[in-house]
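Okay, thanks for coming, everyone.

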Amino acid sequence: MPNFSLGESMPGFTLPAVSGEPFSFDPQKKIERQWHLLVFFRGSWCSACIKALEDLELNKKAFEDGDIRLVTVSTDKLADLKNMSQELKLTFPVLADENFKVLNQFDVYIHVENAPYEDTGIHGEPAYFLMDEEGKLLYQQRQTSPYGRPTADGLQQVIKFIKKKMSTV
């Protein structure tokens, strides 16, 4: 199980996207040369996730103005994610990790069948990873339930704080 330290290079990955094209993190970061906020969410069936994704979409321009690329990942089926993405009119990448490979690489909490409480079967829980243009970790948050995740505004405050502190180093 990985335990990432701030400043550590994050693993590369390739996953299918709802756009129909695979999304590969390593080539993306080299092409775009910007920070990435990788957001793991439970699935298209999760009302708390829908609300969080809508909040991210509503604030997407503020992230882009700060040179941050949003990328989201779920263990939901690609077809379900595609339908959700179209319904919500999401314009950032939505990726499917149906085999939990990337969730395991990033040590995202997976709610399993024998967990202390039942919760819609096996799925990944929310997690957030902010990486610089080289793919080095600047911020991380992992959760074990759908509630308590940061808002888009809260994430922007974290990003501003980190950028300010990095400029003084």
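Before I start, one term: when I say two residues touch, I mean they have heavy atoms within 4.5 Å of each other. And keep in mind that this is a predicted model.

Let's begin with Q34. You'll find Q34 in the loop between helix 1, residues 25-32, and strand 3, residues 35-40. So is Q34 buried or exposed? Its relative accessible area is 14%, and the cut-off for buried is under 20%, so Q34 counts as buried. Who are its neighbours? Leaving out residues up to four places away in sequence, Q34 touches D67, I68, R69, D132 and E133. With D67 there's also a polar contact, side chain to side chain, at 3.4 Å.

Now on to strand 8, which covers residues 127-131. How many of its five residues are buried? Five of the five. In general, side chains in a regular strand alternate between the two faces of the sheet. Here, A127, F129 and M131 sit on one side, Y128 and L130 on the other, and both faces are covered.

And what does strand 8 pair with? Strand 3, for one: those two run antiparallel, with five bridges. Strand 9, residues 137-142, is also antiparallel to strand 8, again joined by five bridges. L130 is a handy place to look: L37 stands opposite L130, and in strand 9 its bridge partner is Y139.

Last stop, the turn. Strands 8 and 9 make a hairpin with five residues between them, and G135 in that turn has a positive phi of about 85°.

Terms used: Residues are numbered from 1 along each chain as its sequence is written. This is a predicted model: local features need pLDDT of at least 70, side-chain atom pairs count only at pLDDT 80 or more; totals for chains, interfaces and linings use all residues. Side-chain values use heavy atoms; hydrogens and water are left out. Helices (H or I, at least four residues) and strands (E, at least two) are DSSP runs, numbered from the N terminus. Buried means under 20% relative accessible area, exposed over 50%, partly exposed in between (1.4 Å probe, protein chains only). A polar contact is a pair of N or O atoms within 3.5 Å; within protein, one must be able to donate a hydrogen and the other to accept it, and residues adjacent in sequence count only if both atoms are side-chain atoms. Two strands pair if DSSP finds at least two bridges between them.
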